[in-house]
Amino acid sequence: MRREDLETLFDFGYWTKDRVLECAAKLTRAEFQVPSGVTTRDLRGTLVHTLDVESSWRARLQRQPEDVWKKELAATDYPTAAALIDHWRRDEQEMRAWLATLDDETLQEIFDLEPGSPPKERFPLWYYVLHVHTHTQQQLGDAAVLLTRMRQSPGNIEFLEYADFLHREGTRPVGHARVRVGRQHLGGDRKST
């Protein structure tokens, strides 16, 4: 996988995150923290966990000391979505800066996550970076479900919705040139071909 592709996926993830957090910011403190009977964590816990995983995996992949990437964020430090939004913006800048330092060759290299592990347990660096993205998307999907149950749906958060957004805004990063201009997917589910 190329860095350009990973950056596109992270752009999509941050677009999704912004939509979810915009809806979460409309909730009261009590709603933000209400227990969930639907997902593993409440909304606040889900979002804090998502930010924590992004940050800790990046630190681990940057070979920062274990005490840095093992430290967990406490949900209680984020009583409202606003506090979380500020932290996530800073983390997003750090993630984007780190991704920009990776070249395609580095992404293909085997990353020894646990030094000395057997070859069958070792993967290219891009596997781990992609894991960060897919974990975020899964957790943001859970958050979207919780928000929808509280009548604050972020709407469709699929990749083609993001691609349509880029075209409507008149922006098309390098990796998006292959997406056909003018395809509108708003307003309902559809089958992919």
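I began with the lining of the largest cavity, which by class has 2 nonpolar, 3 polar and 1 charged residues. My classes: Ala, Val, Leu, Ile, Met, Phe, Trp, Tyr, Cys and Pro are nonpolar, Asp, Glu, Lys and Arg are charged, and the others, Gly among them, are polar.

A note on the source: this is a predicted model, where local features need pLDDT of at least 70 and side-chain atom pairs count only at pLDDT 80 or more, while totals for chains, interfaces and linings use all residues. Residues are numbered from 1 along each chain as its sequence is written, and side-chain values use heavy atoms, with hydrogens and water left out.

Next, I looked up the terms. On a 1 Å grid over the protein atoms alone, a cavity is a set of points where a 1.4 Å probe fits but cannot get out, a pocket is an open set with protein on both sides within 12 Å along at least five of seven lines, and lining residues have an atom within 4 Å of a point. Volume is the space filled by probe spheres set on the points, which are joined across faces, edges and corners.

How many cavities of 30 Å³ or more does the structure hold? I found 1, and the largest cavity has a volume of about 30 Å³. Its lining is Phe10, Gly13, Tyr14, Glu54, His133 and Thr136. Helix H1 (3-24) and helix H7 (125-149) each give two or more of these residues, and H1 has the largest share, with 3.

Then I turned to the largest pocket, with about 180 Å³ of space. Among its lining residues I noted Asp52, Arg58, Val68, Leu73 and His87. H3 gives the most, 4 residues.
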